[in-house]
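Me: I would like to go through this model and ask, for each label, what stands behind it. Please set the value against the cut-off each time.

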Amino acid sequence: MSVKMTSYNLWPDGHVAGFPSTAKNGYSKDASNGSVSLSNISYADSESQLQQDTANDEDDRGQWGNKAEFVLSCIGLSVGLGNVWRFPYLAYEHGGAAFLIAYIILQLLIGKPMYFMELVMGQYSGSGPTKVWRMNPAAKGVGISMCIISVIVAIYYNIIMAYTLLFFFSSMQATLPWTQCAEEWVTAYNCVTTRSMSLSKCTDNITTNFMMGSCSCTGNSTIDNSSMPLNMTCSPEIKTRTAAELFFYKEVIQKSDGIEPDQMGAPLYKLALCLLLSWIVVVICLIKGIKSSGKVVYFTATFPYVILLILLVRGSLLDGALDGVKFFIIPDWDKLADIKVWTAAAGQMFFSLSVSFGGIIMFGSYNKFTNKVYYDSLLISVMDLITSVIAGFVVFTTFGGMARSVGKSVKDVAEGGYGLAFVVYPEALSNLPPSQLWSVLFFFMLFTLGLDSEFGLMETVLTCIQDEFPKTRKYKSYICVGLSIACFFLALPCTCPGGDYVVTIMDHYGADFSVLILSCIEVISVMWVYGVMRFLKDIEYMLGSRPHGWPYWVFCWTITSPLLIGLLFLYRMIEYSPPTYAGGAPYPQFAQAIGWALLSFALCPVPLVFFWRLFKSFQAQEVNTFTDVSTDQQKRIGHLQQVLFFTTVQHWFLKIDFH
């Protein structure tokens with residue numbers, strides 16, 4: 001294959017993207033074979049960089065064993081714990097099918113285009129989230145921030161996995177512990193083993209009250225005493241809490257009343273041991289990088305679907321399952337006009353697809369250069385949506401049966417956040433004989449779901465380290481162990497009674513806000529600074545043709561994605577509300593300050609790297625003497641200007657070519 005060098009884009013360091021300057025991916029360094037020789041590079045600094053890259057690649061970076069490993073790893077990264085508990089409840093809370101419609105629209109306008117973009121970036125460059133920014137060095141801080149965010153999420157994500165392990169082992173007891181009330185729970189919280197049918201409120205109609213047999217007091221003495229002539233008295237309403245709820249909050253996490261230092265407490269040994277076990281499993285699976293994790297995903301990425309389908313069939317057979325399905329899919333169309341629905345859908349989309357976390361770029365970087373990544377991106381994003389919908393049916397068919405058994409509506413048994421996975425669903429499973437079997441399968445499924453996502457987060461960090469310091473590749477096992485040990489100790493505060501509040505802060509500030517900001521900067525840096533048509537030509541060079549419907553991709557990359565993400569971020573800032581306690585009181589000021597500090601730490605590389613590159617560019621002699629220079633010098637100056645953000649934007653407008 002003959003390649004004319006002037007026909008394709010050179011990255012700012014003189015390196016031709018997609019060709020890592022070695023014989024990797026089946027290409028040699030002979031230009032006649034379609035690769036790059038040093039004589040083709042006209043810049044001295046580029047030659048030096050290319051020679052360095054060649055030497056660095058002597059340490060094998062590694063590749064996927066086959067396409068199935070790549071696809072399953074990407075599915076495992078995108079399909080995680082959030083699909084099982086977060087998506088179903090958000091759909092219920094925000095209008096059922098209306099939320100699903102908003103989610104699909106945002107996937108089409110933001111999610112799928114950015115997923116495709118990140119896979120292309122990784123595969124074309126053969127580099128991770130930090131090294132990929134050789135195409136726009138001023139934006140390298142985006143990659144560093146992705147690495148930091150991945151560490152933050154990996155720390156608290158493994159805490160949730162520790163919860164699943166604790167429930168998994170507890171499920172092996174003769175009697176499920178969340179089906180029994182401890183003696184102190186009965187006296188302190190009016191504990192009940194199962195939800196019971198609640199009494200209807202008394203009315204001012206004596207006949208109606210008599211037909212009900214018994215009713216609960218309203219607080220209005222006239223109504224409450226209206227049935228006394230019939231020897232009926234109202235029953236005072238007693239607030240009860242279920243054994244499943246108390247087991248999670250009082251036994252598993254032993255949640256304190258606040259995040260204040262005097263209420264944090266010491267690490268809980270059971271939870272700490274489960275956390276340690278979870279990290280040990282992660283290390284064992286990642287010890288050889290993608291060579292080991294790529295084999296593990298054959299099980300971890302497929303097993304959850306087996307369990308979900310089994311639970312779906314079992315839940316569909318319950319009396320009242322249809323009520324749960326209706327509750328899940330019947331839309332409240334008025335909700336589509338509520339911006340909160342779109343904001344919630346966007347948050348779920350970023351969290352679920354793992355866009356802007358760096359994992360997608362990292363996984364793509366281990367592909368062969370000619371891999372048909374276009375179809376992979378469509379398949380993976382569709383699988384993420386399908387999994388969320390299946391999980392929704394699984395959850396709400398079970399809730400429908402549970403609601404029918406206690407004589408309540410589905411909305412009275414549904415609960416968001418942890419409550420869905422660790423309170424309501426375990427309670428529902430206890431009613432499915434044999435309850436121990438269903439509980440073991442469910443929590444093992446949750447653990448495997450989380451394990452895949454944890455692989456992606458940790459591998460992202462390891463890849464960034466090895467790309468920036470290639471000599472460390474020979475020590476990847478030691479780095480993996482050392483990083484995991486550090487993360488384990490950093491996560492220990494989350495195992496304290498006040499740890500649940502710490503997890504909330506890390507999620508709210510370290511992963512939610514920061515990713516929304518980062519994704520907007522990322523798509524602008526690629527599509528407006530590097531250039532969307534240049535990016536499209538890179539895809540054409542890599543895959544042999546432009547992607548089907550390429551005007552749609554260009555429109556989404558340049559207009560809808562940055563615009564919608566920017567608008568959603570502005571709305572979040574205008575309508576900002578801090579994390580709150582169960583009673584609605586906001587977290588104390590010092591806790592919010594820690595959250596903002598965490599967000600600033602995660603995002604500070606973006607402006608720091610940009611201004612550093614800006615400062616360095618003004619020190620370059622060529623920038624200050626642009627006039628009266630030769631044509632060759634002007635070419636080199638134009639190449640150097642890609643370092644500057646504002647200069648490259650101008651360059652894109654002037655040089656854009658839609659042919």
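Reply: Of the 659 residues in the chain, 56% are buried. The model is a predicted one, and the chain contains 27 helices and two strands.

Me: How do you know how far the prediction can be trusted, and what is the average pLDDT of the chain?
Reply: The confidence score runs from 0 to 100, and the chain averages 77. A score of at least 70 is reached by 76% of the residues. Over residues 1-51 the pLDDT is below 50, and this stretch has 109 contacts in the model beyond near neighbours in sequence. Residues 623-659 also stay under 50, with 60 contacts beyond four places in sequence. Local features need a pLDDT of at least 70, so residues with a pLDDT under that cut-off are left out of local descriptions.

Me: Which share of the contacts joins residues at least 24 apart?
Reply: The share is 80%, counted among contacts between residues at least 6 apart in sequence.

Me: Why is Ala491 called buried?
Reply: Buried means under 20% relative accessible area. Ala491 has 0%, so Ala491 counts as buried. Ala491 is part of helix α20 (residues 476-491). Leaving out neighbours within four places in sequence, Ala491 contacts Ile155, Ile159 and Leu275.

Me: What makes Met542 buried?
Reply: Its relative accessible area is 3%, and the cut-off is under 20%, so the label applies. Met542 sits in helix α21. Beyond four places in sequence, Met542 contacts Val120, Gln123, Tyr124, Phe369, Thr370 and Val373.

Me: Which residues of the largest nonpolar core touch the most other members?
Reply: They are Phe422, Leu446, Phe535 and Trp557, in a core of 179 residues. Helix α21 (residues 499-543) gives the most to this core, with 24 residues. Phe422 has contacts with Trp85, Ile160, Tyr163, Thr164, Phe167, Ala244, Phe248, Phe443 and Leu446, again without residues up to four places away. In soluble globular proteins, nonpolar side chains tend to be buried together.

Me: What is the phi of Gln254?
Reply: Gln254 has a positive phi of about 45 degrees and is not a glycine. Most residues other than glycine have a negative phi.

Me: Where does Ser354 lie, and is it buried or exposed?
Reply: Ser354 lies in the loop between α15 and α16 (359-365). Its relative accessible area is 7%, which is under 20%, so Ser354 is buried. Ser354 also has a positive phi, near 65 degrees, and is a residue other than glycine.

Me: What makes Ser356 buried?
Reply: Ser356 has a relative accessible area of 0%, and the label needs under 20%, so Ser356 is buried. Ser356 is in the loop between α15 and α16. Its contacts beyond four places in sequence are Met114, Glu118, Met146, Val515, Leu518, Ser519 and Glu522. The C-alpha atoms of Ser356 and Pro129 are separated by 9.4 Å, while the two are 227 residues apart along the chain.

Me: How many cavities of 30 Å³ or more are there?
Reply: The count is seven. The second largest cavity has a volume of about 130 Å³. It is lined by 14 residues, of which Leu77, Tyr157, Phe351, Ser354 and Ser453 are closest to its centre.

Conventions: Residues are numbered from 1 along each chain as its sequence is written. Side-chain values use heavy atoms; hydrogens and water are left out. A nonpolar core is a set of buried Ala, Val, Leu, Ile, Met, Phe, Trp, Tyr and Cys residues joined through side-chain atoms within 4.5 Å. Buried means under 20% relative accessible area, exposed over 50%, partly exposed in between (1.4 Å probe, protein chains only). Helices (H or I, at least four residues) and strands (E, at least two) are DSSP runs, numbered from the N terminus. Contact means heavy atoms within 4.5 Å. On a 1 Å grid over the protein atoms alone, a cavity is a set of points where a 1.4 Å probe fits but cannot get out, and a pocket is an open set with protein on both sides within 12 Å along at least five of seven lines; lining residues have an atom within 4 Å of a point. Grid points are joined across faces, edges and corners, and a volume is the space filled by probe spheres set on the points.
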